[in-house]
Amino acid sequence: MKAAVVTAIGSFSADIVIKNLKNMGLKVIGCDIYPAEWIADSSSVSAFYQVPLATQEKEYVEGILTICKKEGADGLIVLTDAEVDVWNRHRNELKEAGVTLCLSPEDTITVCRDKMKLYEFLSERRIGNMIPTRMLAGISPESISYPAVVKPYNGRSSQGLSYLHNQEEMERFLAGGEADHYVVQPYFKGSIITVDVVHQADAGRSAAVCRKELLRTPNGAGTSVLVFSNPTLEAVCKEAASALGIQGCVNFEFIEGEDGTFSMLECNPRFSGGVEFSCMAGYDCVLNHVRCFQGEDIYPSDPVKEMYIARKYEEYVTKVLDKEGTEK
């Protein structure tokens, strides 16, 4: 791979992805749904393009393919779930254009992006201690234990997630007529644990870095974390990644109960918003993700040193205007 298009470069994971790709000597082309002056990292890439929303599927796909051709890109790295879903349906177009899609295989993405399918897949294999999950449609409110969590079966970043405390709240929710698109889970109290995992399916190699998320944004991105080593949890994630046929970097989320039990919530088949934490702790998830798609062996991960890492926000001037409000 010589040049890569990276999507959604205004997202949390973009900064470390861009930096580490450039450190590998790759040309990096960035794109986002917002204009360059709204995106701090637009000045960190060799070229920037504003693209349509992924929900405007035809225009979005055509736009990315045009960028790849114009910039001579031979790799595509997508950073959001919506784009993962789109490119899982449009793999052939990229293949025909000579562009490597740096994502897990189609069947793997299909399972990971469906919380019900993921629960069934891993539970049948007794992997991951999955939180019990049921499709909400057809369930009687009185049969549910409360409090309960309802969320879209293919949701992202906690969007559409609701906590329902009793049968009356559930009945009001069901009155909205959205049950077909939701799963329901019992509410588990505890700390959110994220494990970044890089798995190389053909060689059966894996690496994992765990962190406890101490502070999070409303959309579920960690801003203060504790990186730690837990060989048992790491082994569970590696086993799950192998069973699922993961290729490259993904992240698993767990709830750690007060008794120290880890219960798996989901697998996000993309870089986590906090992947930079794992890179700072000593394992380059970005480099090894790319190696998976270049036919090169990933590097093993050594036990990390426990550390607290906090994220801060920093301001950048992206464009200066003259007194009349026009660009200089």
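Which residues does Phe-271 touch, not counting residues up to four places away in sequence? I looked this up and found Ser-13, Val-17, Ile-77, Leu-79, Cys-249, Asn-251, Cys-285, Val-286 and His-289. Contact here means heavy atoms within 4.5 Å.

**Ground rules**

I noted that this is a predicted model, where local features need pLDDT of at least 70, side-chain atom pairs count only at pLDDT 80 or more, and totals for chains, interfaces and linings use all residues. Residues are numbered from 1 along each chain as its sequence is written, and side-chain values use heavy atoms, with hydrogens and water left out.

**Cores**

I then looked up the cores. A nonpolar core is a set of buried Ala, Val, Leu, Ile, Met, Phe, Trp, Tyr and Cys residues joined through side-chain atoms within 4.5 Å. Buried means under 20% relative accessible area, exposed over 50%, and partly exposed in between (1.4 Å probe, protein chains only). The largest core has 37 residues, and Phe-271 is listed with Val-6, Ile-9, Val-17, Leu-21, Ile-77 and Leu-79 as having the most contacts inside it. Two or more residues each come from β1 (3-6), α1 (14-23), β11 (205-216), β12, α9 (275-280) and α10. Another core, of 25 residues, lies apart from it and includes Ile-193, Val-197, Ala-240 and Phe-254. For the element names I used DSSP runs, numbered from the N terminus: helices are H or I with at least four residues, strands are E with at least two.

**Strand β7**

I checked β7 (residues 148-152) next. All 5 of its 5 residues are buried, so the strand is largely enclosed by the rest of the structure. Ala-148, Val-150 and Pro-152 point one way, while Val-149 and Lys-151 point the other way. In a regular strand the side chains alternate between the two faces of the sheet.

Two strands pair if DSSP finds at least two bridges between them. I found 3 bridges from β7 to β8 (residues 162-164), running antiparallel, and Val-150 has Ser-162 as its bridge partner there. Another 5 bridges join β7 to β9 (residues 182-186), also antiparallel, with Pro-152 opposite Tyr-182.

**The open sheet**

I followed 6 strands through an open sheet in the order β14-β13-β10-β11-β12-β15, with antiparallel pairing. Its edge strands, β14 (262-268) and β15 (307-310), each pair on one side only. The twist from one strand to the next averages 30°. Helix α10 (residues 285-293) packs on this sheet and touches β10 (191-200) and β13 (248-256), and its direction makes about 35° with that of β10. Axes are lines fitted to C-alpha atoms, for helices over the stretch in contact, and angles run from 0 to 180 degrees between N-to-C directions.

**Asn-288**

Is Asn-288 buried or exposed? I read 1% relative accessibility, so Asn-288 counts as buried. Asn-288 sits in helix α10. Its side chain makes a polar contact with the side chain of Tyr-283 at 3.3 Å. A polar contact is a pair of N or O atoms within 3.5 Å; within protein, one must be able to donate a hydrogen and the other to accept it, and residues adjacent in sequence count only if both atoms are side-chain atoms.

**Cysteines**

I counted 0 disulfides, a disulfide being a pair of cysteine sulfur atoms within 2.5 Å. The nearest cysteine sulfur to Cys-267 is that of Cys-112, 3.8 Å away.
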